[in-house]
Amino acid sequence: MELVYLDNNATTKPADEVIEAVRQAQAELWANPSSVHRPGQLARQKVELARASVAELLGTHPRQLVFTSGGTESNNLAIRGVLGDASNGVLVTSKLEHSAVREPAEAFGKIGKTVWLPIDPGGAIDPRHVAEAIDEHADGTGAVLISVQWANNETGVIQPIREIAEAVAGARERVAAKSSGRPKVFARRCVPGCGQAAGESGNLAIDLMSMSGHKLHGPKGVGVLYVRQGLRLQRQMHGGPQELQRRGGTENTAAIIGLGVAAELAAAFLKDTEHQTRLTVLRDRFEASVLQSVPGSLVNGPTYPGAGAAMGLRLWNTSNIAFPGLEAEAILLGLSERGVCASAGAACSSGSLEPSPVLLAMGVPEPVAHGSVRFSLSRDTTDAEVDQALRVLPEVVRRLGRVMPVG
């Protein structure tokens, strides 16, 4: 039975070039990159070359990047690094966030103030609500951080980040009239589309942006936090001068080198517009076929009933489909038995029987959210794999429908 892997928003298969780069680094570049001897400095050189590759992907300067252990640490460093334990700090975010932001936001709300933004039924944030939240809650005495997940990992919905940044820029002037502080924008990027941000971090006045290596065919255990030049960030990992004094600890040299290779491959993919178009068409064909072959199924996202007409776009690779009346876990088990891998939402919470907090925040009814499955392609997904999934999925749903009839 051939494996059909449609869970790439959970993790991607490391590229062959990445695997070889990591293997070589483990075998030959094992010296400490902080050492002054020649082997140590060779490892340092490779780390900095990788940093330059990631910076090129994101359209920024290498010295504005902090290597971390992954997206979760990057998110926590951004939030705690800006807000710390300040009781007069304000965090503006939404329930659309991954738990790596949602949980720190809930924790900060016990110290300072966390403001939860309203959400469109299609999964969008209205920039006007961001500006209103800043005007209402920022008194000019403490730091203000706006955290927006640029592209959602469960639905693929892309937020209107340019308009949000412009709304924040206007609010900054009003806050500055109260003090010398200014709201800071923290954007999280669901990494299947990460490179689409190339150049945007500088153009959109984004202060912080996080990325995880294993979401773009890189290794696990490595991530990045972009920090705008001049922004003061309280370090959370003490114990050494690494990463320009922003994060202590010996660098994960092999994983960083692998991430550099993954960034180069991602940059090449983003220049291949024909490849991206083919994959978008493939995702749309998959989605349309499921909706036609499984009566009552619907897409959670821009096309969800009640979504705003001006709702944004989705990542080319993501399709979150609801099968009302069924349980996502049962669907996933049925698919897995037939060699098809998918997810009920974020991998970090896929073991839970509770419906996705993201879908509930969008206003998706709980019975619909319970039966929602996320399918996410990679740049290597083939037509044959999608065809196999389309043969298996309707059969699994029909079988479950006979066991657990809708209504």
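This is a predicted model: local features need pLDDT of at least 70, side-chain atom pairs count only at pLDDT 80 or more; totals for chains, interfaces and linings use all residues.
**Entry 1: H11 and H14**

I began with a helix pair and saw that H11 passes H14 in a right-handed crossing; a crossing is right-handed if the near helix is turned clockwise from the far one by less than a right angle, and left-handed if anticlockwise. Residues are numbered from 1 along each chain as its sequence is written, and side-chain values use heavy atoms, with hydrogens and water left out.

I looked up the geometry next: H11 (residues 328–337) and H14 (residues 383–403) have axes 9 Å apart and pack at an angle of about 130 degrees. That makes H11 oblique to H14. For my own reference, angles under 35 degrees count as roughly parallel, over 145 as roughly antiparallel, 65 to 115 as roughly perpendicular, and the rest as oblique. The axes are lines fitted to C-alpha atoms, for helices over the stretch in contact, and angles run from 0 to 180 degrees between N-to-C directions.

Which residues meet here? From H11 I noted Ala-330, Ile-331, Gly-334, Leu-335 and Glu-337, which meet Val-392, Leu-393, Val-396, Arg-399 and Leu-400 in H14; contact means heavy atoms within 4.5 Å. By class, this contact of H11 with H14 has seven nonpolar, one polar and two charged residues. Here Ala, Val, Leu, Ile, Met, Phe, Trp, Tyr, Cys and Pro count as nonpolar, Asp, Glu, Lys and Arg as charged, and the others, Gly among them, as polar.

**Entry 2: H1 and H9**

I turned to H1 (residues 16–28), whose axis comes within 8 Å of that of H9 and crosses it at roughly 155 degrees. H1 and H9 are therefore roughly antiparallel to each other. H1 passes H9 in a right-handed crossing. On the H1 side I found Glu-17, Val-18, Ala-21, Val-22, Ala-25 and Gln-26, and these meet Ala-254, Ile-257, Gly-258, Val-261, Ala-262 and Leu-265 in H9. The contact of H1 with H9 has nine nonpolar, two polar and one charged residues.

Is Thr-253 buried or exposed? Thr-253 counts as buried, at 10% relative accessibility, where buried means under 20% relative accessible area, exposed over 50%, and partly exposed in between (1.4 Å probe, protein chains only). Thr-253 sits in H9 (residues 253–271). Leaving out residues up to four places away in sequence, Thr-253 touches Leu-29, Pro-33, Ala-43 and Val-47.

Thr-250 is in the loop between H8 (242–245) and H9, and is partly exposed, with a relative accessible area of 49%. With the sequence neighbours up to four places away set aside, Thr-250 touches Asn-32, Pro-33 and Gln-242.

**Entry 3: cores and the whole chain**

I then looked up the largest nonpolar core, which has 62 residues; Val-54, Val-130, Ile-134, Ile-146, Met-211 and Leu-259 touch the most other members. H9 gives the most to this core, with nine residues. Apart from it lies another core of 30 residues, among them Ala-342, Val-373, Leu-393 and Leu-400. A nonpolar core is a set of buried Ala, Val, Leu, Ile, Met, Phe, Trp, Tyr and Cys residues joined through side-chain atoms within 4.5 Å.

Lastly, I noted that the protein has 14 helices and 12 strands, taken as DSSP runs (helices H or I, at least four residues; strands E, at least two) numbered from the N terminus. Of its 407 residues, 56% count as buried.
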